[in-house]
Amino acid sequence: MRGEKICVTKTQKGLFAFGDKCPHNGASLSKGFCTKENEIVCPLHRYSFDLESGKATTGGAFAIKTYPIEARENGVFVGIKAKWWEA
Ligand code: FES
């Protein structure tokens with residue numbers, strides 16, 4: 001996952017981590033906004049994605065990549081799968 005940008009946001013439902021690149025046309029989701037329905041809305045064409053499942057809630061059969069995230073005493077940790085050749 002080297003070089004992949006990950007967005008982290010906090011909503012009323014907790015912390016969420018997801019890939020920055022919109023699956024529709026590659027816009028930066030970090031420039032979007034969150035809704036009360038726990039979605040991230042893409043700034044380019046306004047497709048929205050559920051922060052828990054990653055599935056599009058508007059705009060078609062797209063999905064964003066989601067990552068496990070956890071707040072601990074010593075920081076916030078995002079789970080990223082290591083590739084076998086990077087281990
Ligand atoms: S690039 Fe995100 S909805 Fe089109």
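Author: Let's start with Asn38, which sits in the loop between β3 (33–34) and β4. Strands here are DSSP runs of E with at least two residues, numbered from the N terminus. This is a predicted model, where local features need pLDDT of at least 70, side-chain atom pairs count only at pLDDT 80 or more, and totals for chains, interfaces and linings use all residues. Residues are numbered from 1 along each chain as its sequence is written.

Reader: Why is Asn38 called partly exposed?

Author: It's down to a count: Asn38 has 18 other C-beta atoms within 10 Å. A residue is buried if 20 or more other C-beta atoms lie within 10 Å of its own, exposed if 12 or fewer, and partly exposed in between, with C-beta atoms placed from the backbone. So 18 falls in between, and Asn38 is partly exposed. Asn38 also has a positive phi of about 65°, although it is not a glycine.

Reader: What about Arg46, buried or exposed?

Author: Exposed, because Arg46 has 11 other C-beta atoms within 10 Å. Arg46 belongs to the loop between β4 and β5 (48–50). Its phi is positive too, about 65°, and Arg46 is not a glycine either.

Reader: Why does Val41 count as partly exposed?

Author: Val41 has 19 C-beta neighbours inside 10 Å, so it lands in the middle class. Val41 lies in strand β4 (residues 39–41).

Reader: Which residues does Val41 touch, not counting residues up to four places away in sequence?

Author: Gly32, Phe33, Thr35, Arg46 and Ser48. Being in contact takes C-beta atoms, placed from the backbone, that lie within 7 Å.

Reader: What makes up the largest nonpolar core?

Author: Twelve residues, including Phe16, Ala17, Phe18, Leu29 and Ala56. Strand β2 (residues 14–19) gives the largest share, three residues. A nonpolar core is a set of buried Ala, Val, Leu, Ile, Met, Phe, Trp, Tyr and Cys residues joined through C-beta atoms within 7 Å.

Reader: How do you know that β1 and β2 pair?

Author: Two strands pair if DSSP finds at least two bridges between them. β1 and β2 have six bridges, in the antiparallel sense, so they pass the test. Val8 stands opposite Ala17 in β2, and Lys10 has Leu15 as its bridge partner there.

Reader: Why are β1 and β7 called edge strands?

Author: The open sheet has three strands in the order β1-β2-β7, with antiparallel pairing. β1 (6–11) and β7 (66–67) each pair on one side only.

How values were computed
Helix = DSSP H or I, 4+ residues; strand = E, 2+ residues; numbered from the N terminus. Contact = placed C-beta atoms within 7 Å.
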